[in-house]
Amino acid sequence: MSEYIRNAWYMAAWVGEVPADGFLARTLLDRKWLLWREADGGWAMVADRCPHRFVPLSRGTFAGGRIACGYHGLTFDGSGACVHNPFGGALPDSARLATMPVVERHGGLWFWPGDPARADADLIPDFTFIDAGAPVDRSHYVMGVNYELIADNLLDLSHAEFLHVESFGTNGSLFSHGAHTVEQDETGAIWNKWDMTAAPPPGWAAPLLGDGGTVDQALHIRWHAPASLALFIAMHPTGEAQPLVPPMANPHILTPETQGSTHYFFTHDPGPEAEAMARRVFLDEDEPMISAQAEAMAGEDFWDLKPLVLPSDKAAILARRKLMQLRRAEAE
Amino acid sequence: MSEYIRNAWYMAAWVGEVPADGFLARTLLDRKWLLWREADGGWAMVADRCPHRFVPLSRGTFAGGRIACGYHGLTFDGSGACVHNPFGGALPDSARLATMPVVERHGGLWFWPGDPARADADLIPDFTFIDAGAPVDRSHYVMGVNYELIADNLLDLSHAEFLHVESFGTNGSLFSHGAHTVEQDETGAIWNKWDMTAAPPPGWAAPLLGDGGTVDQALHIRWHAPASLALFIAMHPTGEAQPLVPPMANPHILTPETQGSTHYFFTHDPGPEAEAMARRVFLDEDEPMISAQAEAMAGEDFWDLKPLVLPSDKAAILARRKLMQLRRAEAE
Amino acid sequence: MSEYIRNAWYMAAWVGEVPADGFLARTLLDRKWLLWREADGGWAMVADRCPHRFVPLSRGTFAGGRIACGYHGLTFDGSGACVHNPFGGALPDSARLATMPVVERHGGLWFWPGDPARADADLIPDFTFIDAGAPVDRSHYVMGVNYELIADNLLDLSHAEFLHVESFGTNGSLFSHGAHTVEQDETGAIWNKWDMTAAPPPGWAAPLLGDGGTVDQALHIRWHAPASLALFIAMHPTGEAQPLVPPMANPHILTPETQGSTHYFFTHDPGPEAEAMARRVFLDEDEPMISAQAEAMAGEDFWDLKPLVLPSDKAAILARRKLMQLRRAEAE
């Protein structure tokens with residue numbers, strides 16, 4: 001079990017997950033939180049725990065930007081202040097809820113669990129591509145494993161050749177025609193890039209090319225600490241500037257729910273069919289494999305288990321190292 | 001997790017729960033026990049664990065006040081003595097079952113898990129009111145939380161205004177017309193009393209009063225360590241000696257099954273309808289809230305969590321302090 | 001929890017449990033292993049865990065004596081060597097699977113989890129009787145308790161008089177007509193023997209004898225460390241050399257799956273009826289009792305609980321002592 005990075009932006013929810021006249025209750029980094037939209041259009045994010053008897057306020061009654069505890073009636077507003085005490089009398093300073101900075105960006109709500117004074121919204125990773133492209137649906141589900149194992153999975157896309165061979169495989173051209181590079185950019189992001197040159201096209205693409213035509217294919221993934229990833233896919237007829245099909249960009253934003261479970265925020269083409277396809281890949285292919293990995297690791301530290309390191313692991317290992325550095329810095 | 005108080009009376013069962021020609025097996029304070037009525041009308045209470053291979057004797061055969069182990073046949077009587085050894089030969093002193101003092105009182109069976117020499121039956125809290133009033137049914141169920149959290153719940157009846165607003169609420173008159181006092185009596189009991197004066201009556205009571213008539217209402221609860229409580233409710237037309245409806249008195253006797261589960265002994269008007277009503281309040285209203293509280297506390301000590309303390313918590317806090325004093329005294 | 005004995009033979013599986021063109025995946029002594037038959041007729045036993053990301057190889061693809069990881073494609077043969085790396089390039093020495101010596105004997109596959117140099121196949125306990133007698137079916141199931149508790153059960157067959165009174169009981173003649181001896185033989189095995197002389201016959205045997213005829217009955221069990229047992233049953237008309245019914249010999253071979261679960265290998269008369277009978281005794285009679293025992297022991301050490309020791313426990317106690325000696329020797 002590794003400490004969470006605290007001075008960093010995490011995504012709490014898609015805006016659309018919060019009911020119009022209510023709140024969203026969600027466990028984030030082991031603690032329960034409430035999110036609601038304030039009358040002024042801003043956002044409230046308060047602890048889902050009454051300071052009196054610790055029961056979840058989400059069991060209470062919400063109206064007009066105030067939540068009343070269902071046990072003894074103490075009522076709080078979005079600033080965390082107690083605004084009603086049925087018993088009358090003054091309340092001590094401890095009668096308030098914890099809060100966190102929360103910012104709406106790219107259709108998501110981002111929170112900063114560390115020092116509020118350092119919560120600079122410019123540090124939120126750039127996901128403007130979500131709204132810049134064709135319309136998408138935003139989805140969310142919880143995967144029952146630690147977020148670092150999911151980031152490992154995404155940072156080594158060669159697994160698509162085996163685990164997703166029927167959906168996202170590249171017919172082996174990743175190995176036969178691919179060049180692998182790992183880069184760090186000016187925002188601190190780590191990029192893992194597979195670039196295939198003059199590769200045989202996948203079956204569905206062959207009819208779009210001339211006889212014997214080949215493709216250049218890019219499979220790039222970007223990681224920002226702690227675990228906000230973006231996947232970029234492009235395919236061109238070899239040597240041509242015009243893409244064969246519109247390039248794809250997808251968020252894969254991971255936020256720890258607990259040490260053993262992770263919120264997974266993603267997008268897909270509109271409609272239930274595309275959502276079912278995405279869930280099939282995540283839930284039927286990735287999750288069972290990563291869960292089996294977590295079970296095999298049995299709570300031991302990744303490095304203590306002395307993993308065999310392949311060149312294709314470079315990006316995942318750089319990301320793990322960066323988290324270790326951040327943890328060490330926060331511990332000091 | 002707090003040590004159990006050992007030199008105190010706890011209730012093990014209602015007499016009616018013990019089968020006429022058999023035994024009752026029940027876990028009490030983390031250990032398994034057997035209870036049966038002896039031929040002379042007295043009671044046996046012996047450990048439900050064979051000293052040979054530790055299997056529960058309740059898996060064996062009971063007849064004539066003797067229990068034979070279902071594994072290798074050792075047989076014990078209600079004094080804990082081994083009265084039959086299939087293999088013949090003398091047995092060492094360790095071939096006996098642990099026992100506890102057990103006393104029948106007020107239709108319940110009370111046991112003393114501490115020093116038997118100190119087990120003075122006069123210290124059993126007074127519940128004579130159970131048989132003194134109209135006939136009642138005695139019921140029992142297990143609530144999946146620590147007994148101190150249930151005692152907290154009962155010792156602060158203001159929660160009825162929120163959690164039981166549809167069943168036991170007082171239309172807010174507890175806050176608008178109520179006086180709150182906390183007392184200790186000569187038996188060591190702590191009393192939490194809400195007394196409402198000239199309060200608007202509940203809907204069902206209004207027709208029994210003149211136009212604009214008000215009521216005086218008493219909501220008193222009594223606590224004996226470790227967790228035997230009694231609830232007393234009375235309602236009078238304001239200023240009159242004659243009660244509007246017969247006053248109510250109910251036992252709420254709590255015995256730890258384990259650190260995380262509690263036997264709850266209570267009474268209700270005869271018949272299944274009244275039982276269903278009582279269970280609804282306990283199981284559908286109280287238990288989910290207290291379970292959510294226990295989950296939020298996640299095994300941490302109540303005081304370490306620095307609860308916000310309200311004046312209405314006074315009785316619950318006095319009771320928790322008394323348990324701490326008793327624990328400290330027993331540890332010495 | 002006690003350390004496993006490592007320098008000893010354990011049974012992994014019946015040969016018939018391994019699919020002809022595939023592998024058997026099984027947890028043994030807390031770790032996952034794969035077993036398959038090699039083209040040369042020998043056996044492979046390799047760790048079911050990829051050294052790269054630790055996922056179970058059993059989630060991958062097996063063909064021609066090679067298993068390919070389902071996550072990133074590393075492929076291993078039965079010697080544990082990595083024979084295919086999709087990424088090309090040299091691999092470090094750590095790119096191999098753990099293996100164990102495995103020997104086929106008496107229709108079972110036996111493994112040695114300790115020092116391979118000490119894995120002398122002559123030390124495998126003798127179960128030639130399985131094939132020497134009438135044909136039998138070989139069966140296996142997992143019992144949810146520690147293997148030492150099952151060995152205790154088998155080493156004290158007097159429990160049949162109580163727990164199996166309807167199937168294997170001897171009408172009490174074990175106590176009234178039985179002599180109990182415990183011996184150690186030249187192979188290091190411990191024998192627990194009940195010999196009944198001139199005992200009243202069981203109901204089914206009476207018609208086979210003359211009026212008032214009695215039987216001599218032997219109930220012998222043999223234990224080899226860590227927990228491979230054999231049961232021998234014989235019945236003769238008193239004083240006669242010719243047995244009344246053919247003598248029976250049955251393996252009861254126990255291999256820890258985990259500290260709290262055990263592989264139980266046994267045989268029975270061919271056909272589903274005999275299997276159902278065996279399972280009834282194991283699953284409906286033995287397992288619930290031993291599970292209740294394990295629950296009552298709550299993870300505490302057997303000796304710390306100060307069990308009452310009966311003369312009939314002698315063999316079980318000698319076996320437990322021998323395991324302690326072996327553990328102590330391995331710890332040095």
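Student: How many salt bridges are there between chain A and chain C?

Tutor: The count is three, and bear in mind that this is a predicted model.

Student: What makes Arg53(C) and Asp313(A) a salt bridge?

Tutor: The cut-off is 4 Å between a side-chain nitrogen of Lys or Arg and a carboxyl oxygen of Asp or Glu. For Arg53(C) and Asp313(A) the closest N and O atoms are 3.2 Å apart, so the pair is within the limit and gets the name.

Student: And how many residue pairs are in polar contact across the interface of chain A and chain C?

Tutor: Eight, with both residues of each pair at pLDDT 80 or more.

Student: Which helices of chain A supply at least two residues each to the side that touches chain C?

Tutor: Helix H2 (147–155) and helix H4 (272–297). H4(A) gives the most, with eight residues.

Student: What is the make-up of that side of chain A by class?

Tutor: There are 16 nonpolar, five polar and five charged residues on the side of chain A that touches chain C.

Student: How many residues does each chain bring to the contact?

Tutor: Chain A brings 26 and chain C brings 20. To be counted, a residue needs heavy atoms within 4.5 Å of the other chain.

Student: What area do chain A and chain C bury between them?

Tutor: About 2,100 Å², 66% of it on carbon and sulfur atoms. That figure is summed over both chains, because buried area is the accessible area that two parts lose on being put together.

Technical notes:
Residues are numbered from 1 along each chain as its sequence is written. Chains are lettered from A and ligands numbered from 1 in the order in which they are written. This is a predicted model: local features need pLDDT of at least 70, side-chain atom pairs count only at pLDDT 80 or more; totals for chains, interfaces and linings use all residues. Side-chain values use heavy atoms; hydrogens and water are left out. Buried area is the accessible area (1.4 Å probe) that two parts lose on being put together, summed over both. A polar contact is a pair of N or O atoms within 3.5 Å; within protein, one must be able to donate a hydrogen and the other to accept it, and residues adjacent in sequence count only if both atoms are side-chain atoms. Helices (H or I, at least four residues) and strands (E, at least two) are DSSP runs, numbered from the N terminus. Ala, Val, Leu, Ile, Met, Phe, Trp, Tyr, Cys and Pro count as nonpolar, Asp, Glu, Lys and Arg as charged, and the others, Gly among them, as polar.
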